[in-house]
Amino acid sequence: MFNASLVRFNDIRSLEVALEKLDDSRILDETVDDDDWPYEEKLTKRWLKLGNPFKEGINTIESGTKDMVRFLIAEGCNERTRRKDKWYEDQSREELVPFDERINSLKVITVFFEKDGFVYAVPWMTPTVNMNTFCNDLFPERIWGKFEKNPSDYNLTPDFFYWLINVFTRGNKRVSFSPEVIIRAWTGFLGTTQDSSHRLSGEGEKISAILSSLAFIFMNDPFKAVNMVIQYENERIPVALGSLGNLGISENEYEGQYSIRYGGNQRKVLLTYLMYTKILPALFNAYGEARRLGQWNETVKEEFTTFIGDTIVSRVKKALP
């Protein structure tokens with residue numbers, strides 16, 4: 001699995017302009033403003049070019065469904081100082097430890113693509129990495145202009161998550177017909193009070209098998225993330241959908257045509273593009289349509305919660321001697 005987060009640039013509208021900004025950001029090294037830090041020891045902040053199979057500049061790759069995907073890809077390297085008390089050999093503060101022991105170093109491969117007249121960057125970084133620090137250091141405003149981390153129109157609300165699970169548990173698992181989107185499995189969740197990792201495929205297994213998950217839903221607790229297997233047309237992607245639009249994509253469990261001919265970072269590029277430009281927009285559109293048509297509202301949500309409560313009671317009764 002690889003993790004992805006989203007950044008949208010407010011004033012950059014094409015990959016050609018983004019490439020110019022990337023070239024202007026190749027070397028952003030900084031000195032440390034502290035008398036105890038050797039002046040010649042600069043912090044490396046740079047964008048590095050990736051070699052084979054990627055070429056310099058704008059890359060184009062044909063997916064298995066014949067879609068042509070244009071993108072930039074580069075590796076962001078960011079060094080920052082550790083806390084000052086970590087700089088020294090001992091409490092006397094007379095001798096510094098080696099340079100690499102005084103810094104935290106991070107390298108993150110980042111993909112850039114266009115959508116709806118905007119350029120987006122997707123750093124492949126784990127949720128534990130400080131995205132604010134990475135973006136502020138490697139996308140300086142003087143070069144890149146203003147940008148939005150985790151843009152709000154890609155945020156997944158608690159109501160959206162509950163709608164998805166209602167489609168899976170009470171509906172026919174079909175989100176939409178055109179494009180065809182089906183939730184094939186609900187495999188886990190992360191909540192504010194608990195989390196659970198399980199597999200509820202809906203193909204021979206009953207949703208009432210996991211009481212802790214049902215109780216979490218019944219209490220109407222907000223989700224931080226939901227793990228699902230989503231089928232988009234002929235593509236099946238196991239993915240963790242985060243509330244900020246961040247994703248965890250299981251590239252090795254993916255089934256489909258879109259990127260099956262590729263491996264490694266090429267597959268990750270195509271799956272990143274597929275999720276952010278096709279699958280998530282399709283889910284958002286279907287959710288909005290369900291709200292517009294009255295197929296999902298507070299009344300339906302209450303019915304869903306009641307269904308979950310009844311399922312819990314039924315399961316407990318069956319479990320009792």
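Me: Cys77 first: buried or exposed?
Reply: Cys77 is buried, at 6% relative accessibility. The cut-offs are under 20% relative accessible area for buried, over 50% for exposed, and partly exposed in between, using a 1.4 Å probe and the protein chains only. Bear in mind that this is a predicted model, where local features need pLDDT of at least 70, side-chain atom pairs need pLDDT 80 or more, and totals for chains, interfaces and linings use all residues. Numbering starts from 1 along each chain as its sequence is written, and side-chain values use heavy atoms, with hydrogens and water left out.

Me: And Cys135, buried or exposed?
Reply: Buried, with a relative accessible area of 0%.

Me: OK, what about α2, which of its residues are buried?
Reply: Met131, Thr133, Phe134, Cys135, Asp137 and Leu138. That makes six of the eight residues of α2, so the rest of the structure largely encloses this helix.

Me: What caps its N-terminal end?
Reply: Asn130 does, with a side-chain oxygen 3.0 Å from the backbone nitrogen of Asn132.

Me: Zooming out, how many helices and strands in the chain?
Reply: Seven helices and 14 strands. They're DSSP runs numbered from the N terminus: H or I over at least four residues for helices, E over at least two for strands.

Me: How much of the chain counts as buried?
Reply: 50% of the 321 residues. The chain exposes about 16,000 Å², with carbon and sulfur atoms supplying 45% of that; the areas come from the Shrake-Rupley method with a 1.4 Å probe, and for residues only the protein chains shown count as cover.

Me: What share of the contacts is between residues 24 or more positions apart?
Reply: 65% of those with a separation of 6 or more, where contact means heavy atoms within 4.5 Å.

Me: Switching to charges: how many salt bridges turn up?
Reply: A search of the whole structure gives 22. The test is a side-chain nitrogen of Lys or Arg within 4 Å of a carboxyl oxygen of Asp or Glu. Side chains of opposite charge can pair when their charged atoms come close.

Me: Which residue does Arg80 pair with?
Reply: Asp137, in a salt bridge at 2.6 Å, N to O. This links distant parts of the chain, since Arg80 is in strand β5 and Asp137 in helix α2 (residues 131-138), 57 residues apart. Arg80 is partly exposed at 38%, while Asp137 is buried at 13%.

Me: And what does Lys84 meet?
Reply: Asp36, at 3.6 Å from N to O. Lys84 is in the loop between β5 (68-81) and β6 (103-115), and Asp36 in the loop between α1 (15-24) and β3 (45-49), so this pair ties together parts 48 residues apart in sequence. Both are partly exposed: Lys84 has a relative accessible area of 31% and Asp36 has 36%.

Me: What does Val32 touch?
Reply: Trp37, Leu43, Thr81 and Trp87, not counting residues up to four places away in sequence. Val32 is in the loop between α1 and β3 and is buried at 17%.

Me: Last one: where is the pLDDT below 50?
Reply: The chain averages 89, and 87% of the residues score at least 70; pLDDT is the predictor's confidence in each residue, from 0 to 100. Residues 195-211 are below 50, though that stretch has 47 contacts in the model beyond near neighbours in sequence.

Conventions: A polar contact is a pair of N or O atoms within 3.5 Å; within protein, one must be able to donate a hydrogen and the other to accept it, and residues adjacent in sequence count only if both atoms are side-chain atoms.
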